Amino acid sequence: MTAVAATPTVEGIRAAIAPILQRLRATAAARERARDHAFADVRALAEQRITLTGIAVEDGGAGGSLRDVADLVVAIARADSNVAQALRGSFLTANRVATRPDLPHREVTLRRLRAGDLFAGTSNERTGGASGSVSTTIRRDGDGYLINGEKYYSTGGLYATWFSGSAQDEHGEVVFFTVPADREGVQRLDDFDAVGQRLTASGTTRLVNVRAAADEVVPRDNHLLDNPWLGSFAQLYLAAIEAGIAAAALDDAARFAREKARPIKHSSATRSVEDPYVREVVGEIAARAHAARSAVLLAAEVLDRVRGLTGPAARTAGAEAAVTVAQSGVVAIDSALRAAELLFDVAGGSITDRDLGFDRHWRNARVVANHNPRRWKAAVAGAYHLTGEEPPTTGLF
């Protein structure tokens, strides 16, 4: 493994993780077939302190912009979108540290990020209640608390060092907690069973009499924010995963056409790489991958401009950024799904062999897309451009 630099830099992190990403890319299809989580390689990525990208140097980070963060996520997803998805909670935590000087326990979280810790968390529950309702409970117990409940979609939970979630106290108030993922009573289940993104370690987390100290619990902050669209980065992250999937489809299409495909019988070409229709297909896949990445990086730049603003300027810039991120999501989702489907047009029946695992690109893109419907994103963007209507503040745009 490449040694960890004493002072992390954006360029140093990208160079150090290149061989790790190559391993992930080479083993992705086989690991999915065997349901083999990439524990060693995810730990190797964490040890290179990838989440310090975008955190200021004076905070012990690697520096860099939100564009650098987004491009890093695209690169990880290009190697294995499951791993990129599993790291989402860690990058969300890092982004909160980078953008919120007033973040509770900020120094503690910074120290954990600098140590290479990984984070998972969710407020999602399957209780039959209204969307967003919290039935997990937290009750006073001596000088601390006891937490009981069950959380679903705990993205990256099996890889995490820390688990965060929401719970309702005795007074009906919602609070947030962060506890070690291996604390007694924290049960992490590998029960995520979607058609794609099967190895994101996103199963159920059961909390059975989990003890939490007072400094591990934070009340929900209900004050009026200058920029209420704090979920924009989370949505940008999903778009970056889609862009990575589109790029992965391009990699596999080009490699298969060069190394394995044969021209169809009525082709005028002697090699597949010379077939004009194969060239057209690969060119379109490349264009889709380019469009997705470009849209994501542009949205990252727009979102980065919100940082440091206050008052009306923050609200105006926040709304624009949320809409730009929503638009990038539409482009990235459509691009990834189309690129993954076009991949099969570069050859005949041989490209459908199950051992190749090329169908995973479409399945993975489809599951990521279902996190938040792109039709809503498009409609929100349309309303903004037509009437100036602000996007919803639900965190899904």
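Which residues does the UniProt annotation "domain: Acyl-CoA dehydrogenase C-terminal" cover? I looked it up: the unreviewed entry gives residues 237–372. UniProt positions are in the numbering used here, feature names are shortened, and annotations may be inferred rather than shown by experiment.

I note that this is a predicted model, in which local features need pLDDT of at least 70, side-chain atom pairs count only at pLDDT 80 or more, and totals for chains, interfaces and linings use all residues. Residues are numbered from 1 along each chain as its sequence is written, and side-chain values use heavy atoms, with hydrogens and water left out.

I find 70% helix and 0% strand over residues 237–372. Helices (H or I, at least four residues) and strands (E, at least two) are DSSP runs, numbered from the N terminus. The end C-alpha atoms of this stretch are 12 Å apart.

I looked at strands S2 (residues 137–141) and S3 (residues 144–151), which run antiparallel and are joined by five bridges; strands pair if DSSP finds at least two bridges between them. Arg139 has Leu146 in S3 as its bridge partner. Two residues lie between the strands, and Gly142 in the turn has a positive phi of about 65 degrees.

Entry on Arg112. I find Arg112 in helix H6 (residues 106–114). Trp162 is 50 residues from Arg112 in sequence, with 9.3 Å between their C-alpha atoms. Beyond neighbours within four places in sequence, Arg112 has contacts (heavy atoms within 4.5 Å) that include Trp162 and Thr178.
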